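Work through the exercises below with the structure open. Each task is followed by a solution in steps.

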Amino acid sequence: MKVSLSSTAARGAMAAFALLVAAYFCYFSVRTARAEYYIRQDTLYGYERATQIEPEDAQNWYLLGRHLQYSLEDQDPQRAISSYLKSLEIDPHSTTTLLDLAASYESEGNVADARTAFLRAQKSYPLSAEVFWRYGNFLLRQGELEPAFVEIRHAVESDRFRAAEAFSRCARVEPNVNVILDRVVPSDQDVYLAIIQDLVGEQQVANALVVWKRLAAMRPKLALSDVFLLVNSLRQSGYRQEAHEIWLQSVEFAGLAQLQTKDSAMWDGGFESDVMGQGYTWRFSKALHGVQISFDGREKHSGQRSLRISFDGNSDISFRDVCQAVPTAGGTAYELSAWMQTKELTTDKGVLLEMRARDNTAVTTEQAHGTEPWKRFAVTWEGAKEDQEVDVCLRRDPSEQEINKISGTVWVDDVTLIPVKKTGAWK
């Protein structure tokens, strides 16, 4: 009987203890839930209530400080600093809190305490890209360029996505692009490409050219699409020679140099590449009314394929598509040529090749008609005094005949624009 009473008492004590523990955890769970409820309100009152309900939670004090620092309605930098300091009493190694405390000190003109907070953040998280970044920018604002460049470089090395912004910010205080490339950003293909894209977006094409020279010296492996924006921006800004030089370099870096026909000013005259629509590539639409444009690997004059253009016979189409911008040299005449094959190509107006200069003068080849095997079509252009880009396009004019709806197919291959000896004088 004595053992039974003891066992009963023990079980009772254990049950009471379990209830006490459950009540304890229930109390704190409810308290935590209430604090989270107020935090979700995202108001000054809500954050204050959360700190009152759970004053030992560092996160609550941090969130109150952040609200007081950044809220437009409740901004109070001094209270924000006090809240951050309270949070750090509980969690002295919070990097996020230290960084925002540093920003608050700086906003109040307290540079010394801001620096101390940044250095504490570095100790708490020595390899943080965010800490490197924010401390580096703080040093920039203080005019301490050399240590700032070191910190920002560490940030970019840890997070390459910061490269373009790092370059932009440092360029505000250091106009020499080469200094920034030497000291701030690592020599990396993706980093340089990101900077170039950003500079082009800001219309700083001259600086973009400086970065490109660094990139080209690395002989990177690129896709042609990586340079479309730069090349197009240079062309539009009057840097046409530089645009073409970069294009030729990029063709080599992309492993497509074989598509630059020897002696021809055109690129990919055999339509071997799927790269199109930008720079010095072919431009055309595959969804034109009454026309279907595609590549054909069965019918070709040379290489792996040709360009096939089929007309459906439902309309009298005015067609000037499949174009390429081509740089030409002043004082030079050129022969424009292409090989074409036709099958049942109707009407008196067939397909021809046209070269149009900047002053809107043009030369055209003979027209391809009917059903003919591969035949070379060519015309000579006497050139211009100055360097310029010309447009080379396939063209079909409307017919004036009663039966004018064109049908049939033409294949085009091996388009070239080759310098030749001049036979006449310029106008």
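**Exercise 1: aromatic pairs**

In this predicted model, the count of aromatic pairs comes to twelve, taking ring centres within 6.5 Å as the criterion.

Task: classify the pair formed by the rings of Tyr-62 and Tyr-84.

Solution. 
1. The ring centres are 5.8 Å apart and the planes meet at 35 degrees.
2. Planes under 30 degrees apart count as stacked and those over 60 as edge-to-face, so the Tyr-62 and Tyr-84 pair is tilted.
3. Tyr-62 belongs to helix α3 (residues 58–70) and Tyr-84 to helix α4 (residues 77–90), so the pair links distant parts of the chain, 22 residues apart.
4. Buried means under 20% relative accessible area. Tyr-62, at 8%, is therefore buried, and Tyr-84, at 0%, is buried too.

**Exercise 2: a tryptophan pair**

Task: determine what kind of aromatic pair Trp-247 and Trp-267 form.

Solution. 
1. With 5.6 Å centre to centre and 90 degrees between the planes, the pair is edge-to-face.
2. Trp-247 sits in helix α14 (residues 240–253) and Trp-267 in the loop between α14 and β1 (291–296), so the pair ties together parts 20 residues apart in sequence.
3. Both Trp-247 and Trp-267 are buried.
4. Arg-235 lies over the face of Tyr-280, 5.1 Å from the ring centre.

**Exercise 3: helix α7**

Task: state how many residues of α7 are buried and what covers them.

Solution. 
1. Helix α7 spans residues 129–141, which is 13 residues.
2. Ten of the 13 are buried, among them Phe-132, Trp-133 and Tyr-135.
3. The cover includes α5, α6, α8 and α9.

Definitions and conventions
Residues are numbered from 1 along each chain as its sequence is written. This is a predicted model: local features need pLDDT of at least 70, side-chain atom pairs count only at pLDDT 80 or more; totals for chains, interfaces and linings use all residues. Side-chain values use heavy atoms; hydrogens and water are left out. Helices (H or I, at least four residues) and strands (E, at least two) are DSSP runs, numbered from the N terminus. The expected span of a helix is 1.5 Å times one less than its number of residues. Buried means under 20% relative accessible area, exposed over 50%, partly exposed in between (1.4 Å probe, protein chains only). Contact means heavy atoms within 4.5 Å. Rings of Phe, Tyr and Trp (its six-membered ring) pair if their centres lie within 6.5 Å; planes under 30 degrees apart count as stacked, over 60 as edge-to-face and the rest as tilted. A charge sits over a ring if NZ of Lys or CZ of Arg is within 6 Å of the ring centre and within 35 degrees of the ring normal.
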